[in-house]
Amino acid sequence: MADISLSGAAQSVDSIQSSYGAQVQRRRLYGGLMLLLFVVLMVSGFNIADDRNAGGFWNGLHQIGDYPADVLSEAWEKRADLPVLIAKYFPALVETVNIAAVSTLIGAIGGLVLSMLGTRGLARWPRLIPLFRRISDIMRAVPEIVIALVLIFVLGGGPVPAMIAIAIHTAGALGKMFSEVAENTDLKPVEGLASTGATWSQRMLLGVLPQVAPNFVSYALLRFEINIRASAILGFVGTGGIGYELRNAMGWGQGRFDDAAAIFILLFGTIVFFDQVSSRYRNRLTEGQAQ
Amino acid sequence: MTAIDLNTTKQHADRLFQRKRLIGFGIPAVIAVYFLYIFFAFDFAGLAQRANLENAVTLASDSWSHKVHVTRDNRSGETTYAVEGERKGRYPDGQRPEWVTGKDVISIDIGGDHIVRYLPQNRTEIDIPGMALIKVQAKGRKLTHNLPEDRPDWISVSDRRIGIVTPEGRITMTGARTEVFNYFPGWELFWFTLDSPYHGHSVASIMFGERLDPARSNINGALSDWWNNAMWRHKDVAWAIGETILMAFLGTMGAAIIALPLAFFAAKRFSPFMVVRATARRLFDFVRGVDALIWTVVLARAFGPGPLTGALAILITDTGTFGKIFSEALENVDQKQIEGVASTGAKPLQRYRFGVIPQVVPVLLAQILYFLESNTRSATIIGAITGGGIGLMLTQAIQTQKDWEEVAYYIILIIVMVMFMDWFSGWLRGKLIGRKN
């Protein structure tokens, strides 16, 4: 009897060891296979992309510095004109930032409504939660350029198509992030307000919004950073702003390098400036909440 | 004493209320003023003039319908039939739609009892219910007609050109040609073009019916004809979507691979020298600040247009973003785990491998997968600039300003692609690091 149990214990140690060994081995095998698959995907993907590119990677690699060097040297030669050029393109920059700001504001308002309507416990019509979630998914999935190009056709060029396009995408993206925050709200203030006979919008405005405002503002600021980049890029495909000026400067024969340099400086400076400001403010918002 | 106390408290509360009220009304007021400024800065008032509602109507109706052109060349007297008026959609010789009948007098029934007849000697008769029979004669460059002076506004007339727009279809006549556009719902020739033997056959008859093309088996032939469809270019579209996803994949993964070692230099815990740390951080800030747009422009000069340029632009920008996120994650690692590993006599490299990496991998993977999805969208946009992928096809289709059904098709594909990548990255995250987070 004792013998049997002893041998049983020895067996179980053995079997545990062997099964552990097998598990480790299988893990390593899977890990190795995954790594192999990843490497194969990367290498073959790189080769396909290289094949389908107009210029090859290895041919282009040593030219990579040529263009920046040309731009910099010409800008340096004409450095006296640079302040004038910067002043000339400043209004375009303001337009780009305005597009980003307005679309962030509109998108944040839209995202707020979408998130409230799509969050369990807060929704006005609980049965329609999946509908509002799908709406925000689809709005998030549409790249800005799609809406912008279609709207340029209908509305003509200018900042309005870019503004609408970015606002739609922002509403979808913020709707999702807001609703993740809104899920964790304390429902007691909402119930308290409901007991006084408050309407749905009053409950949301007075019961939920004060709780989530710091997080919402922080997310909206992050979006604003992203939207500045987006509005600059959309300018390149035909809406106004600094991106449009960049395309014109580039498309001018060989390219007006001094203009391009001025635009590069403006764009770089703006992005870094707003990144710094918004990240400082966001830190304050989220830390203030933790205290 | 208490009275004074109460007074000051009350004053304090009053002031607090006043400030809240000021903020409560002030912020919306500031936003409203800003919107007002934007209203003028963006010239919303002039938008009404610039906006082209006709374009919107064409876009909306063309995106879900197609038209078949029946064109008579008034010089040669020849009549051709083509979907969307494109060469690729032309009916083969001897074939024509079944709503066209007659030999010498070609009679075109565009529906709703609207009938157009092409008569010999470049004469045209149009029979519209509730109207007298319209007769038009083309001679040289001029047109003669029997239209009354007080005609409805859907008929436009000059001596060179007559246009008639009805809900059933459109008729335009010039000296050189007479054209009828007949509208139908749906995307025509989506599966097979008219020159394919499989056009007009049902799925069942292709799958199980008799062999339609003696040279090939039905399924093979049908698949290859569909894949090489000249109108809808399914093969090119599939390649373009592949290119876009490839750009996002290469860019994201390449950025992660480059950013991970650099992030160690930027994290306070792993990089004792201030100079190294500051250099790494400034490098991240720089490549992030230059932005994908400028990188795309610069790289396109070196590598030419194509998917590789897009992938590299994403790679460089995201190296900065990843570097920042990764180094923050590395600064937040728990020291205890590293000490535990060190107490077993592990060397520095082993300490990183078993003490640090397991802690940060879930955070990094979550970020990488999130960026993979978001970069699919960026790759669409960058592709439109640098010339690769579905973004380029979309811009080209929009620029031609007539293939709106193709534009609608591409838009649907792009949305499906992004939603698929969203789902896929979520699924992969669940598989790799567990459902929660």
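The following paragraphs describe the two chains of a predicted model, their contact and one buried residue of chain A.

Chain A is helical in its secondary structure, with 11 helices and zero strands. Its elements, taken in sequence order, read α-α-α-α-α-α-α-α-α-α-α. The radius of gyration of chain A is 28 Å, whereas the globule rule gives 19 Å for 291 residues; the computed value is well over that figure, so the chain is more spread out than a compact globule. Along the principal axes, the C-alpha atoms of chain A occupy a box of roughly 100 × 70 × 40 Å. The domain assignment divides the chain into domain 1, covering 2-53, and domain 2, covering 68-290. Between the C-alpha centres of these two domains of chain A the distance is 45 Å. Of the 291 residues in chain A, 40% are buried. Among contacts in chain A with a sequence separation of 6 or more, 74% join residues 24 or more positions apart.

Chain B contains both kinds of element, with 12 helices and 12 strands. For its 437 residues the globule rule gives 22 Å, but the radius of gyration of chain B is 33 Å, well over that value, so chain B is also more spread out than a compact globule. The C-alpha trace of chain B spans about 100 × 80 × 45 Å along its principal axes. Buried residues account for 34% of the 437 residues of chain B. Of the contacts in chain B with a separation of 6 or more, 58% are between residues 24 or more positions apart.

The interface between the chains brings 52 residues of chain B into contact with 49 residues of chain A. On the chain B side, helix α7 (residues 274-303) supplies the largest share, 12 residues. The side of chain B that touches chain A is made up, by class, of 34 nonpolar, 10 polar and eight charged residues.

Helix α7 of chain B also takes part in a helix pair across the two chains, packing with helix α3 (residues 66-77) of chain A. The axes of α3(A) and α7(B) are 8 Å apart and form an angle of about 120°.

Within chain A, residue A:A171 was examined individually. A:A171 lies in helix α7 (residues 159-182) of chain A. A residue is buried if 20 or more other C-beta atoms lie within 10 Å of its own; A:A171 has 25 C-beta neighbours inside 10 Å and therefore counts as buried. Apart from neighbours within four places in sequence, A:A171 is in contact with A:G107, A:G110, A:G111, A:L114 and A:M139. The C-alpha atoms of A:A171 and A:Y219 are 12 Å apart in space, and the two residues are separated by 48 residues in sequence.

Conventions
Residues are numbered from 1 along each chain as its sequence is written. Chains are lettered from A and ligands numbered from 1 in the order in which they are written. This is a predicted model: local features need pLDDT of at least 70, side-chain atom pairs count only at pLDDT 80 or more; totals for chains, interfaces and linings use all residues. Domain bounds come from an automatic or database domain assignment. Two residues are in contact if their C-beta atoms, placed from the backbone, lie within 7 Å. Helices (H or I, at least four residues) and strands (E, at least two) are DSSP runs, numbered from the N terminus. Ala, Val, Leu, Ile, Met, Phe, Trp, Tyr, Cys and Pro count as nonpolar, Asp, Glu, Lys and Arg as charged, and the others, Gly among them, as polar. Axes are lines fitted to C-alpha atoms, for helices over the stretch in contact, and angles run from 0 to 180 degrees between N-to-C directions. The radius of gyration is taken over C-alpha atoms; the globule rule is 2.2 Å times the number of residues to the power 0.38. A residue is buried if 20 or more other C-beta atoms lie within 10 Å of its own, exposed if 12 or fewer, and partly exposed in between; C-beta atoms are placed from the backbone.
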